[in-house]
Amino acid sequence: MGAVPELAGARLALFGTPYDGTCSFRPGTRFGPAATRNVSEGIETYCPVCNADLEDVHFADIGDLVLPTADKAAVLLAIEQAADELYSIGVIPAALGGEHLVSLPLLKAAFKHNPDLVLVQFDAHLDLRESFMGSELSHATVMRQISKFVEPSRILQVGPRSGTREEFETAQKFGTYRPDSLTPKELREWVGHRPLYVTVDLDILDPSIFPGTGTPEPGGVSYRELQAWIVSLAGCNWIGWDAVELSPEYDSTQVSSIVSSKIVRTLVLSSLAKPC
Ligand code: MN
Ligand code: MN
């Protein structure tokens, strides 16, 4: 999808983080990066909404990380080190999940290099549990873990529609919660010129267009709504992003993988747009 395989000269590097070790309900996100790439051959490199073309931006796809799946701590360390190395050479890390826990090591690396970053999360879920099924490290706790080093005042959680009462009360207390009525303009104004990391849990989309995910939640946003939010951030000071929770085997039509691929195209083009 318009990427080169070498890092030399690239401003951004895509890499897969095919991990689904803490998946609680329906596993399979480890196949997400490959599925996103496979269908990308069938989509255009030009995006009329962004008025930009993947052929005109220089980004690399360095493949999937080789992860020791049975060892959670080793997986998280490997992801953090990979992102850390990219930051050290001035390349924006852009990860394809995998489950949402992969965002924890990605944010650790991002925070080390950009302690004043702001984080925007698109997700059907708050992921603010203290622990889940006996573990503090899970896709369901990832935002709680991140909030321990990124100030909650620097986090925005857009469009969550599922969680425990405690999670929603925590999000209100943190001030991170925003309903899906948040406009692209309001989002853009909140981000401003601050260093921006965006985590896209694709299950924010309605299951009618994105059934290929582990925990589908009815009542989600449309493709156009998610696209409009991301495009509104074009020209912001992006320092990293990830797109997670595609589980392609649950959608035999492959539409979920195509949706993922087009959201990734939107993310590449928006994060590499000229500053404005
Ligand atoms: Mn999530
Ligand atoms: Mn989710």
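Donors here are N, O and S atoms within 2.8 Å of the metal. The model is predicted.

**Metal site**

In sequence, the donor residues of the manganese ion (ligand 1) follow the spacing H-x22-D-x3-D-x73-D. They are His100 through ND1, and Asp123, Asp127 and Asp201 through OD, at 2.1 to 2.2 Å. Asp123 also bridges to the manganese ion (ligand 2). The two ions lie 3.2 Å apart. Asp123 and Asp127 are both buried.

**Sheet**

Eight strands form an open sheet with parallel pairing. Their order is E4-E1-E5-E10-E9-E6-E7-E8. E4 and E8 are the edge strands, each pairing on one side only. Inside the sheet order, E5 and E10 pair in the parallel sense over three bridges. Ala94 has Trp241 in E10 as its bridge partner.

| Strand | Residues |
|---|---|
| E4 | 59–64 |
| E5 | 92–97 |
| E6 | 118–122 |
| E7 | 155–158 |
| E8 | 177–178 |
| E9 | 196–201 |
| E10 | 238–244 |

**Helix packing**

Helix H6 lies across E6, E7, E8 and E9. H6 runs at about 155° to E6. Helix H6 (residues 184–191) also packs with helix H7 (residues 223–232). The angle is about 35°, and the axes are 8 Å apart. The crossing of H6 past H7 is right-handed. Pro184, Leu187 and Arg188 in H6 meet Ala228, Trp229 and Ser232 in H7. The residues of this contact comprise four nonpolar, one polar and one charged.

Notes:
Residues are numbered from 1 along each chain as its sequence is written. Chains are lettered from A and ligands numbered from 1 in the order in which they are written. This is a predicted model: local features need pLDDT of at least 70, side-chain atom pairs count only at pLDDT 80 or more; totals for chains, interfaces and linings use all residues. Side-chain values use heavy atoms; hydrogens and water are left out. Buried means under 20% relative accessible area, exposed over 50%, partly exposed in between (1.4 Å probe, protein chains only). Axes are lines fitted to C-alpha atoms, for helices over the stretch in contact, and angles run from 0 to 180 degrees between N-to-C directions. Helices (H or I, at least four residues) and strands (E, at least two) are DSSP runs, numbered from the N terminus. A crossing is left-handed if the near helix is turned anticlockwise from the far one by less than a right angle, and right-handed if clockwise. Contact means heavy atoms within 4.5 Å. Ala, Val, Leu, Ile, Met, Phe, Trp, Tyr, Cys and Pro count as nonpolar, Asp, Glu, Lys and Arg as charged, and the others, Gly among them, as polar. Two strands pair if DSSP finds at least two bridges between them.
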